[in-house]
Amino acid sequence: MNGKPVILVSRRLPDAVEARLARDCTPRLNPEDTPYSADALVAAAQGADALLVTPTDRMDARLIDALPDSIQAIATFSVGYEHVDLDAARRRGIIITNTPGVLTEATADITLLLMLGAARRASEGERLMREGAWTGWTPTQLLGQHLGGRRLGIIGMGRIGQAVAHRARALGMEVHYHNRRRLDPAEEAGATFHPTADGLLAVADVLSLHCPAGPDTLHFLNAERISRLPQGAIVINTARGAVVDDTALIAALRSGRVWAAGLDVYEGEPAVHPNYRTLPNTFLLPHLGSATVETRNAMGFRALDNLDAVFAGREPPDRVA
Ligand code: 8YV
């Protein structure tokens, strides 16, 4: 490589990240922040050494096969990498990296916001205020559910699941989890392990999803699994929309089988199943899990650390393929 590496950056990134890009590389930025089509991305990648992409870019086999030979690595600005076909990248000898760790706390915080928002009917309350429809305090207005003493069921006890457990303990919740492996006692911190998902579902007064998206977890929360939850459970999703069968969850929210849902992610986003928007018992956010200045800067720096390693001939710290 002659001179500074050329990096195609698919979306607009925080100023501090773009400043580092400008200092250390020859970036091809996207100041308009318009998502690239597959063909446009391939065209823009001509002559570049690496791509910095996000989950809004579908890096499927067709696109990866069409990339120029000059591309050494693709860094995704996310911990999730279900949008990248890892096998296709391996076949092309393209390194793939993600950004784990740096968004754990922010995502756990938004999970708590969703839990509290859903349990305490924050959406309904906020709407009342914004519509000027609040006629005053009453002893029975918008009564929610107390989270203290309730059982939190966490599916996927990785970094984010553990950070959610830590916060939930502060609310006085009892923590249960299902994970591929049982954690060691220090990581478990008193949480109860359930070797099967069904075992966990049966005790989850509040169910929080923290597993990756993929063929194994597609529509994990379907009608059959919802029927295993305690009556009136609360469902929280900050993982990926595809982990939930929307039709089943909407039916359960409508019937009251599920009392409320707090959602940050949606299958097919930015499209959102319209019934989520009309149900009163949903608390909805637009994929804000990692959306703090500090976290998005850290994600960008982490992605660039990985690309720096690739260009220096070192093993990148967050290589996933
Ligand atoms: C981001 C995420 O908001 O990291 C992930 O996998 O879902 C979020 O942190 C998103 O990826 C934007 O790049």
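A residue counts as buried when its relative accessible area is under 20%, as exposed when that area is over 50%, and as partly exposed in between. The legends below describe close-up views of a predicted model.

**Figure 1. Cysteine residues Cys211 and Cys25.**
Cys211 has a relative accessible area of 11% and is therefore buried. Cys25, at 6% relative accessibility, also falls under the 20% limit and so counts as buried. Across the whole structure, the search for disulfides returns zero.

**Figure 2**
The shell around the ligand consists of Thr54, Pro55, Phe77, Ser78, Val79, Gly80, Leu103, Arg240, His287, Ser290, Arg296 and Met299. Sorted by class, this shell comprises five nonpolar, five polar and two charged residues.

A polar backbone atom of Val79 is 2.7 Å from an oxygen atom of the ligand. At Gly80, a backbone N or O atom is placed 2.9 Å from an oxygen atom of the ligand. His287 takes part through its side chain, in which an N or O atom is 2.7 Å from an oxygen atom of the ligand. On its own the ligand has 320 Å² of accessible area, of which the protein covers 87%.

**Figure 2. Asn98 and its contact with the backbone of Val79.**
Val79, one of the residues that surround the ligand, is also in contact with Asn98: a polar atom of the Asn98 side chain lies 2.9 Å from the backbone oxygen of Val79. Asn98 belongs to the loop between strand S5 (95–97) and helix H5 (104–119). With a relative accessible area of 5%, Asn98 is buried.

**Figure 3. The aromatic pair of Tyr177 and Phe193.**
Two aromatic pairs are present in the structure. In the pair of Tyr177 and Phe193, the ring centres are 5.3 Å apart and the planes meet at 50°, so the arrangement is classed as tilted.

**Figure 4. The cis peptide bond between Glu269 and Pro270.**
The peptide bond that runs from Glu269 to Pro270 is cis, and its omega is near 15°. Pro270 is located in the loop between strand S11 (258–263) and helix H12 (274–278).

Asp33 is in the loop between strand S2 (26–28) and helix H2 (38–44). Although Asp33 is not a glycine, its phi is positive, at about 60°. Its relative accessible area is 29%, so Asp33 is partly exposed. Ser37 is found in the loop between S2 and H2 as well, and its relative accessible area of 43% makes Ser37 partly exposed. The side chain of Ser37 reaches the backbone nitrogen of Ala40 at 3.1 Å. Ser37 and Leu63 are 26 residues apart along the chain, and their C-alpha atoms are separated by 9.9 Å.

**Figure 5. Positive phi at Ala189.**
Ala189 is a further residue that has a positive phi, about 45°, without being a glycine. The loop that holds Ala189 runs between helix H8 (185–188) and S8. Ala189 has 39% relative accessibility and so counts as partly exposed.

**Figure 6. Asp318 in the segment after helix H13.**
Asp318 lies in the segment that comes after helix H13 (293–311). The relative accessibility of Asp318 is 5%, so this residue counts as buried. From Asp318 to Arg302 the separation is 16 residues in sequence, whereas the distance in space is 8.6 Å from C-alpha to C-alpha.

**Figure 7. Leu285 in the loop between S12 and H13.**
Leu285 is part of the loop between strand S12 (282–284) and H13. At 14% relative accessibility, Leu285 is under the 20% limit and therefore counts as buried. Leu285 and Leu51 are 234 residues apart along the chain, with 28 Å between their C-alpha atoms.

Note on methods:
Residues are numbered from 1 along each chain as its sequence is written. This is a predicted model: local features need pLDDT of at least 70, side-chain atom pairs count only at pLDDT 80 or more; totals for chains, interfaces and linings use all residues. Side-chain values use heavy atoms; hydrogens and water are left out. A residue is near a molecule or strand if one of its heavy atoms lies within 4 Å of it. A polar contact is a pair of N or O atoms within 3.5 Å; within protein, one must be able to donate a hydrogen and the other to accept it, and residues adjacent in sequence count only if both atoms are side-chain atoms. Accessible areas come from the Shrake-Rupley method with a 1.4 Å probe; for residues, only the protein chains shown count as cover. Ala, Val, Leu, Ile, Met, Phe, Trp, Tyr, Cys and Pro count as nonpolar, Asp, Glu, Lys and Arg as charged, and the others, Gly among them, as polar. A disulfide is a pair of cysteine sulfur atoms within 2.5 Å. Buried means under 20% relative accessible area, exposed over 50%, partly exposed in between (1.4 Å probe, protein chains only). Rings of Phe, Tyr and Trp (its six-membered ring) pair if their centres lie within 6.5 Å; planes under 30 degrees apart count as stacked, over 60 as edge-to-face and the rest as tilted. Helices (H or I, at least four residues) and strands (E, at least two) are DSSP runs, numbered from the N terminus.
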